[in-house]
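Here are my notes on the model you sent. They go through it point by point, and each can be checked against the structure.

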Amino acid sequence: MQSPRRSRLRACRAPLGALLAIVPAAAWADIANFLDPLGPIARFQRLELIWASVLILIAVLPVLVGAPWILWRYRRSNRDAGYAPGWSFNTRLEIAMWGVPVLIVIALGIWLTQATVRIDPYREIDLEMAEGFDIRLEGPPVAIDTVGLDWKWLHIYPDEGIATVGELVVPVDRPVTMRLTTDTVMQSFMAPGLAGQIYAMPGMVTRLNFIADRVGETFAENTQYNGPGFAEQRSPVRAVPRDEYILWTAAATGAPPLDERAYARLAASGTLDEAREAFGQEGDGPLVFTLPDRRLFLRIVARYVTGEAIAPENQPGSPVYDPETASLPDIAVVFGENGRPPSTGPASDAFAQGGICGAPAALTIANLGELPDG
Amino acid sequence: MSNAKPMNAHPGMNLGYGEGAHDAEVKVFGFWVFLMSDLVTFGLVFAIFGTMVEATAGGPGPREVTNLHSVAIQTALLLGSSFAFSWASLSMKYHEGRWRTLFYLSFAATSALGFLIIEFLDFRHWIEIGAVPQRSGYLSALWALVGLHGLHVAAGLLWVGAMTAQILIFGLTDDIKSRVTRLGLYWHFLDIVWVGIFSMVFLAGIA
Amino acid sequence: MDNIFGRLTWADVTLFEVFKDPSIDTAVASAAAWIAVLGAVAVVALLTFTRRWGWLWREWLTSVDHKKIGIMYMVLGFVMFARGIFEGVVMRTHQATALDGGILTPHHWAELFSTHGTVMIFFVAMPFITGFMNYLIPLQIGARDMAFPMLNQISLGLTAAGAALVMISLVLGVFETGGWTAYPPFTGAAFDPGPGPDYWVWAIVISGFGSMFSGMNFAVTIYKMRAPGMKYLHMPVFCWTALCTSILLTFALPPLTVAGLMQGLDRLAGFHFFTNDLGGNMMNYANLFWMFGHPEVYILILPAYGIYSELTSTFAAKQLYGYTSLVWATMSIAVISFCVWLHHFFTMGQSPTINAAFGIATAIIAVPTGVKVYVWMATLWRGRIRFTTPIVYMAGFFILFTIGGFSGIILANPAINYQVHNTQFIVAHFHNVLLPGMLFAIFAGIHIWFPKAFGFRLHETWGKVTAALWIAGFSMTFLPLYVVGLMGYPRRSSAYDNPEFVPYMIVTLLGAFVLLTAFAGLVGTFVVSIRNRRDLAVPLGDPWDGRTLEWATPAPPPHWNFPVIPQVRARDAFALEKVEGRPYVVPEEYRDIHLPPSTMAGVMCFLATTGLGFALTWWIWWLAALSAVSVLIWLIGHSLRDHPHVVIPAKEVHRSNQAWIEAIDLATPVDRDHETKRMNRGFAATDMAEAT
């Protein structure tokens with residue numbers, strides 16, 4: 001089990017940022033990460049990092065330089081230095097020591113508000129945003145639904161009718177609008193070369209929007225601990241030219257179907273290696289499926305809002321999960337005639353958007369932008 | 001100790017001007033701090049309840065669990081208990097004898113016991129209609145909030161019992177007066193929390 | 001027979017794992033279990049052979065003296081600290097070998113990072129700061145004891161019960177594996193039905209009650225027990241920070257208790273607060289946990305700021321610069337710390353406006369924190385700085401803590417946070433603020449106040465070398481993590497596939513060994529100092545030319561602290577008296593002193609809550625009921641008996657104080673050039689007087 005993993009993992013390498021360190025292995029340098037991004041969002045985040053650092057240095061440098069100097073200059077043995085045992089207040093100094101940090105924080109605050117709104121992960125990348133980032137938009141957004149499983153990511157391409165595990169392929173210059181959930185415990189999907197991370201939580205849908213503006217490779221990983229296979233929940237992300245993307249989707253049409261039974265087996269706790277084994281796939285490539293039911297993502301979300309308890313045997317990630325008997329709910333039954341599930345409230349898309357302050361709104365078909373009959 | 005000039009720190013307890021008053025001041029103040037912390041606890045459980053009102057998961061909701069008659073009786077009993085406790089505090093201040101205080105205390109305790117019994121009947125009814133905390137997030141929060149308050153009342157009853165024994169053993173000494181005062185604060189505090197519960201859980205639930 | 005011990009079976013005893021299935025992993029697990037068991041046996045044996053049980057019981061376990069309770073907190077902290085350090089070294093060893101694997105199994109690794117975090121935060125950092133506050137608050141405000149001495153002892157018992165549960169988990173069963181934050185649903189019954197998360201829940205809830213009661217106790221003590229004349233703005237800065245921490249403890253522990261109990265109900269009784277199904281919502285847990293978790297950071301760091309404040313003015317022989325600024329800064333930190341919790345999960349999908357609001361609030365906290373650092377620099381400026389061990393820690397603090405603050409403000413920016421959240425960058429950041437920020441202050445504080453507590457100084461050379469080792473070890477261990485974090489190495493990850501991480505992880509491992517050496521240095525400092533205690537003795541009580549009231553007592557101070565409660569006129573009361581040349585005034589009249597009697601309440605609560613927590617973890621219902629009922633009955637029974645105060649006759653107080661005053665009269669004052677020499681017996685010729 002060790003050796004195939006080794007070779008597979010070698011495919012997702014991360015380079016060192018030119019900023020911070022020496023690069024011992026040149027071969028790793030072509031894998032993008034936060035410090036060497038593939039797309040404008042991550043590049044913007046890196047720029048934020050640099051400018052925030054510069055700004056903070058204004059407050060920090062005086063300490064880094066001044067503290068050692070003061071300690072040395074006013075050592076007891078140095079009788080030339082002044083001594084003012086009763087000196088305990090100076091108005092100008094007070095103004096400076098409160099004022100300068102306040103000014104910095106005001107600047108940082110304005111800055112971070114703008115940045116946070118600008119790269120809100122829920123915001124779809126449209127023409128206006130593309131102009132701001134000075135990038136091209138070539139084609140409509142690619143919808144990808146990502147499901148966190150123990151211990152691999154399932155990427156569903158509902159429009160292309162395919163699904164992959166162990167690799168995420170996106171076309172260059174087309175925005176990606178990703179919806180996320182998990183079918184086990186909470187996870188956090190992070191693609192450092194593209195956009196950072198967002199949590200994926202069961203029964204809820206979160207969103208992440210990004211775009212790649214150059215061809216290249218980065219990686220996607222889980223950063224929220226979810227069990228022994230956590231460290232292996234990392235797989236390559238490839239940004240490919242548009243033609244290659246079309247070829248890739250076309251090639252996938254011959255793949256085995258991800259029907260309910262296959263999904264139940266895939267959802268069982270196990271690393272990608274173990275999943276490959278379960279599906280009898282040789283080598284170390286990704287698992288690719290076709291998608292017989294385009295509402296698979298919705299059904300996975302619906303599992304947690306049926307209004308019925310989930311038996312441990314039917315809960316992926318549970319130690320007694322049984323892939324042979326596990327089943328997903330029927331959308332029509334869960335969402336009923338009015339498009340609302342019986343279990344509403346916190347388990348809702350809108351609540352996840354609103355966080356602590358948002359009004360709980362129902363997880364409805366309308367909110368998810370889908371109709372029960374697909 | 002920190003007060004140089006004599007002052008009657010706790011007129012409500014009638015302790016006079018001595019060291020005992022300062023001691024009582026420290027202890028009662030400390031108990032206020034505890035109550036504030038406890039209030040935060042209740043506030044958080046209220047907040048969790050607020051986020052889970054909708055999370056009925058198809059199970060029994062506010063309408064099914066609210067029995068206004070029962071809630072009204074509980075409210076009357078608990079407020080009555082608080083009222084009786086006020087009389088206990090007053091008689092502790094104005095009457096040297098312990099019996100009158102004990103008499104009112106027993107009123108307060110009986111009334112609170114009645115509250116607990118009615119609440120228990122409510123709980124039993126909830127179980128009968130399947131409104132158990134294992135059914136949904138809403139019911140978990142409901143049981144936690146109402147249960148936490150009930151547990152506080154039960155603990156208060158235990159305290160009243162212990163206090164009664166202490167009064168019988170020691171009489172109404174300065175120490176005991178300070179303890180009764182703190183118990184009184186606790187008692188009225190539980191009333192305030194109950195006002196929150198009946199308005200935010202039950203009245204708002206069926207509104 | 002099975003039912004008597006609930007779900008606990010022989011298979012849960014980890015002592016023999018290594019014999020059943022020999023590997024490095026099981027060897028580490030079993031060794032830890034054996035160390036815990038043998039350590040306990042060794043302590044029992046030592047106490048038995050030296051016939052110290054009665055002494056331990058009378059002088060320590062049943063004592064309500066705040067000084068002894070403070071020292072017991074420190075001892076508890078040190079025992080747990082030893083465990084935490086060793087866990088850290090094992091983890092770093094694993095990480096250095098973790099390119100595609102590592103020496104431990106992922107499960108054991110997860111247990112390690114979970115216990116390491118839990119132990120270090122709840123059972124090392126918390127006991128350390130509680131110990132300091134216990135020891136110092138009454139002495140600094142001129143009181144004889146806490147407002148609630150028995151409650152103080154009970155707090156210690158509850159904290160120790162939590163620590164005991166975590167130690168028991170080494171031997172029986174497993175601990176939880178979801179990190180010190182223990183986020184559900186991973187720690188919920190559906191995904192981890194075993195005893196691990198239950199150990200965590202009950203250890204945290206029980207010790208949480210202890211901390212909350214401590215907070216209330218300290219706050220009331222400071223509000224109500226100050227010596228006559230000591231206005232709020234006359235209090236030593238440490239007392240201000242202790243007051244703010246106490247307020248935080250009082251109000252920030254309830255969220256943890258609520259989160260823990262709800263998680264306990266989910267697991268034990270099938271409730272649905274944080275479960276996946278039936279309307280449960282783990283986002284509530286995240287909010288509750290961090291409503292506690294963020295103030296907790298300041299609970300730990302504020303008293304450390306207090307120590308740094310006392311340290312700078314004492315060792316620069318100067319009045320503290322900007323006292324009022326410091327007080328304001330401390331209070332604002334305490335208040336704002338309740339308004340930033342969401343920055344621990346910017347990535348949960350809330351709207352950018354909410355993220356920005358919490359980001360700004362977080363950045364705002366940096367203002368008072370920055371002011372504090374400047375205030376200490378200004379205090380040192382134009383001082384006469386003596387390079388004692390505490391100043392070495394202070395120097396390390398200045399540089400390293402500033403770096404930690406730097407990374408903190410970076411994390412406050414949600415846009416950047418999306419990239420570094422949950423990575424090693426975070427691990428670097430919080431170690432960077434907690435080690436140089438809090439732990440260095442504790443060590444510096446130990447060097448300052450150990451002589452007060454035990455009557456002899458700690459060895460300076462050992463102290464300085466140890467301090468240097470801490471600084472070097474910290475830098476090597478944690479600074480490289482910033483880099484690998486930026487490169488995308490998630491926290492809590494047992495393995496990585498990027499060979500470029502390896503050099504960093506090796507530096508980190510070397511750093512961990514330096515830290516281990518530093519810990520040995522700390523132990524060595526104690527051993528060497530105890531051996532040389534005659535040479536290092538400072539019975540007269542003021543070895544550092546101290547400024548506040550605690551230095552105006554002999555070392556160690558008598559049980560009653562002050563023969564007569566002092567009258568306070570100004571800030572730095574003792575320094576003022578020394579400058580005016582009238583320290584050590586003999587009181588005109590002695591009176592009988594009333595002290596609270598010893599009690600076994602703390603021990604009772606310790607036993608009962610340890611039993612209760614253990615029982616709830618392993619489903620031993622009879623034990624749970626027995627523990628709860630027995631402690632209730634005991635407490636009620638206790639309240640029905642009379643407990644007269646211990647009276648120290650005026651004559652005894654007079655004799656004791658007179659002996660000390662006479663010793664001072666016979667001694668020669670020692671100036672600061674000879675501070676660390678043998679001739680320093682604790683009678684200071686003050687630098688301040690010379691200057692004025």
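How many residues of chain A are in contact with chain C, and how many of chain C with chain A?

1. The model is a predicted one. In it, 100 residues of chain A are in contact with 93 residues of chain C. Helices α1 (2-9), α2, α3 (91-118) and α10 (349-354) of chain A, together with strand β7 of chain A, each give at least two residues to the side of chain A that touches chain C. By class, that side holds 60 nonpolar, 29 polar and 11 charged residues.

2. Helix α2 of chain A, named above, covers residues 40-73 and has 34 residues. From its first C-alpha to its last, α2(A) reaches 48 Å, close to the 50 Å expected at 1.5 Å a residue. Look also at Ile58(A), where α2(A) has a kink of about 50 degrees.

3. Chain A is assigned two stretches as domains: domain 1 (40-118) and domain 2 (139-327). Their centres, taken over C-alpha atoms, are separated by 45 Å. Contact between them involves four residues of domain 1 of chain A and eight residues of domain 2 of chain A. On the domain 1 side, the touching residues are three nonpolar and one polar, with no charged residues.

4. One open sheet of chain A has six strands with mixed pairing, in the order β8-β5-β1-β2-β3-β11. Its edge strands, β8 (206-210) and β11 (287-290) of chain A, each pair on one side only. From one strand to the next, the twist averages 20 degrees. Within this sheet, β2 (152-157) and β3 (162-165) of chain A run antiparallel and are joined by four bridges. As a place to start looking, Ile156(A) stands opposite Ala163(A) in β3(A). Strands of a sheet pair through backbone hydrogen bonds, either parallel or antiparallel.

5. Another open sheet of chain A has five strands in the order β4-β10-β9-β6-β7, again with mixed pairing. Here the edge strands are β4 (168-171) and β7 (196-200) of chain A, and each pairs on one side only. The twist averages 20 degrees from one strand to the next. Helix α5 (242-251) of chain A packs on this sheet, where α5(A) touches β4 and β10 (234-240) of chain A. The direction of α5(A) makes about 135 degrees with that of β4(A). Elsewhere in the sheet, β6 (187-191) and β9 (216-222) of chain A pair in the antiparallel sense over two bridges. Phe189(A) stands opposite Asn222(A) in β9(A).

6. Some backbone details deserve a check. Trp151(A) sits in the loop between β1 (142-149) and β2 of chain A. In chain C, the peptide bond from Pro184(C) to Pro185(C) is also cis, with omega near 0 degrees. Pro185(C) belongs to the loop between α6 (149-171) and α7 (196-224) of chain C.

7. Asp134(A) has phi near 60 degrees, a positive value in a residue other than glycine. This residue is in the loop between α4 (127-133) and β1 of chain A.

8. Chain B has six helices and zero strands. Along principal axes, the C-alpha atoms of chain B fill a box of roughly 65 × 35 × 25 Å.

How values were computed
Residues are numbered from 1 along each chain as its sequence is written. Chains are lettered from A and ligands numbered from 1 in the order in which they are written. This is a predicted model: local features need pLDDT of at least 70, side-chain atom pairs count only at pLDDT 80 or more; totals for chains, interfaces and linings use all residues. Two strands pair if DSSP finds at least two bridges between them. Axes are lines fitted to C-alpha atoms, for helices over the stretch in contact, and angles run from 0 to 180 degrees between N-to-C directions. Two residues are in contact if their C-beta atoms, placed from the backbone, lie within 7 Å. Domain bounds come from an automatic or database domain assignment. Ala, Val, Leu, Ile, Met, Phe, Trp, Tyr, Cys and Pro count as nonpolar, Asp, Glu, Lys and Arg as charged, and the others, Gly among them, as polar. The expected span of a helix is 1.5 Å times one less than its number of residues. The bend at a residue is the angle between axes fitted to the seven residues ending there and the seven starting there.
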